[in-house]
Amino acid sequence: MRRVICLALVFFFLQGSIDLIQEEQGEIKVITVDSTNLRFNPSTITLNEGDSVRFVWGGQALPHNTVEANEVFDSGEPARDVNYEFFFDYESAGVYDYVCEPHAAVGMQGEITVEDVEQVVVEDEPEVEASTSEGLPVTSILVGTGLLVGLGLSWFFAIKKRAI
Ligand SMILES: [Cu+2]
């Protein structure tokens, strides 16, 4: 009976570990071009690691783009219609300055501050393929360890019972 309880506890613990690996979906913050046609709106934003920024405009009188100072992101050639999204992963905390290349000289620029987010288990965003191929060995190790712990506890209780 004790062995069954031990194994049940071990599996409960394992289930908890697996649940922690689930990731939250970040927010998407939208940046457009304001009515002057030469400014980003808003030009300064703060977001968290795991969030995305989306640059969206359509039917503009002048073509625009968005290029980060260190080429972290780049929407490509200036265009009157743009829908460009960039994801800030869990190692991206920092400040990102960007410009619209054709209008940088007249101050069409902005700044994105990405704040650090504590992550309990996962450090990198796992790729879809990697999670299925690497997920199995990790689970096997956890189950193996769990079984050993369960057997150890059963043995401990058996010894204890005999001692009484
Ligand atoms: Cu521009």
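**Close-up 1. Strand S1 beside strand S4 in the predicted model.** Lys 29 stands opposite Val 53 in S4. The bridge partner of Ile 31 in S4 is Phe 55. S1 and S4 run parallel and are joined by four bridges. Strands are DSSP runs of E with at least two residues, numbered from the N terminus; two strands pair if DSSP finds at least two bridges between them. Residue numbers start from 1 along each chain as its sequence is written. Because this is a predicted model, local features need pLDDT of at least 70 and side-chain atom pairs count only at pLDDT 80 or more, while totals for chains, interfaces and linings use all residues.

**Close-up 2. The S1–S2 hairpin.** S1 and S2 run antiparallel, joined by two bridges. Val 33 stands opposite Phe 40 in S2. Six residues lie between the two strands of this hairpin. In the turn, Asn 37 has a positive phi of about 70°.

**Close-up 3. The open sheet.** Four strands take the order S2-S1-S4-S6, with mixed pairing. S2 (40-41) and S6 (82-87) stand at the edges with a single partner strand each, so one side of each has no neighbour in the sheet.

**Close-up 4. The largest nonpolar core.** The core has twelve residues, among them Ile 31, Val 33, Phe 40, Val 53, Phe 55 and Val 114. Such a core is a set of buried Ala, Val, Leu, Ile, Met, Phe, Trp, Tyr and Cys residues joined through C-beta atoms within 7 Å; buried means that 20 or more other C-beta atoms, placed from the backbone, lie within 10 Å of the residue's own. S4 gives the largest share, three residues.
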